[in-house]
Amino acid sequence: MTIPKKISIGGIAFKVRFVKFDDDDYGKMDFDQRLILLNQAMRNNLPMTIETLRHEMIHAALAVGGVSFAVEYDEEVIVRCLDSIFFPAWDKLTKKP
């Protein structure tokens with residue numbers, strides 16, 4: 001798998017960029033800017049990069065689905081969001097041609 005420069009999550013395009021972080025974070029998701037940022041220090045560690053990308057895509061899916069903005073916890077809302085937004089985006093990304 002190669003790390004894409006753009007990913008569609010729930011119909012919203014997120015740019016994927018490697019950047020230098022001033023902290024020890026592996027990745028960050030900026031919903032307002034539609035960005036997924038990955039720490040360039042791990043660029044040569046593909047398994048860690050893939051795991052971090054997946055993690056940040058979940059953050060993005062929860063934001064797209066509105067779960068990130070919920071006042072109370074509702075497990076069913078989270079599961080439905082992952083089923084209908086995250087997994088289709090992940091499956092499309094990892095599907096072999």
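**Figure 1. Accessible surface of the protein.** The accessible surface of this predicted model comes to about 6,600 Å², as computed by the Shrake-Rupley method with a 1.4 Å probe. Carbon and sulfur atoms account for 50% of that surface. Of the 97 residues in the protein, 31% are buried (buried means under 20% relative accessible area, exposed over 50%, and partly exposed in between, with a 1.4 Å probe and protein chains only). Residues are numbered from 1 along each chain as its sequence is written, and side-chain values use heavy atoms, with hydrogens and water left out. Because the model is predicted, local features need pLDDT of at least 70 and side-chain atom pairs count only at pLDDT 80 or more, while totals for chains, interfaces and linings use all residues.

**Figure 2. Overall fold.** The protein has 2 helices and 4 strands, in the order β-β-β-β-α-α from the N terminus on. The radius of gyration is 13 Å, close to the 13 Å that the globule rule gives for 97 residues, so the protein is as compact as a globular protein of that length. This radius is taken over C-alpha atoms, and the globule rule is 2.2 Å times the number of residues to the power 0.38. Helices (H or I, at least four residues) and strands (E, at least two) are DSSP runs, numbered from the N terminus. Along the principal axes, the C-alpha atoms fill a box of roughly 35 × 35 × 20 Å.

**Figure 3. Charged side chains.** The protein carries 13 positive and 14 negative side chains, and the centres of the two sets are 14 Å apart. Lys and Arg count as positive and Asp and Glu as negative, without His and the chain ends; each charge is placed at NZ of Lys, CZ of Arg, CG of Asp or CD of Glu.

**Figure 4. Surroundings of asparagine 39.** Asparagine 39 lies in strand 4, which covers residues 35-39. It counts as buried because its relative accessibility is 9%. A polar atom of the asparagine 39 side chain lies 2.9 Å from the backbone oxygen of aspartate 25. Leaving out residues up to four places away in sequence, asparagine 39 touches Phe18, Val19, Phe21, Asp23, Asp25 and Tyr26 (contact means heavy atoms within 4.5 Å).

**Figure 5. Surroundings of tryptophan 90.** Tryptophan 90 is part of helix 2, residues 75-94. With a relative accessibility of 12%, tryptophan 90 counts as buried. Residues up to four places away aside, tryptophan 90 touches Met1, Ile50, Arg54 and Met57. The C-alpha atoms of tryptophan 90 and isoleucine 7 are separated by 9.2 Å, and the two residues are 83 residues apart along the chain.

Technical notes: A polar contact is a pair of N or O atoms within 3.5 Å; within protein, one must be able to donate a hydrogen and the other to accept it, and residues adjacent in sequence count only if both atoms are side-chain atoms.
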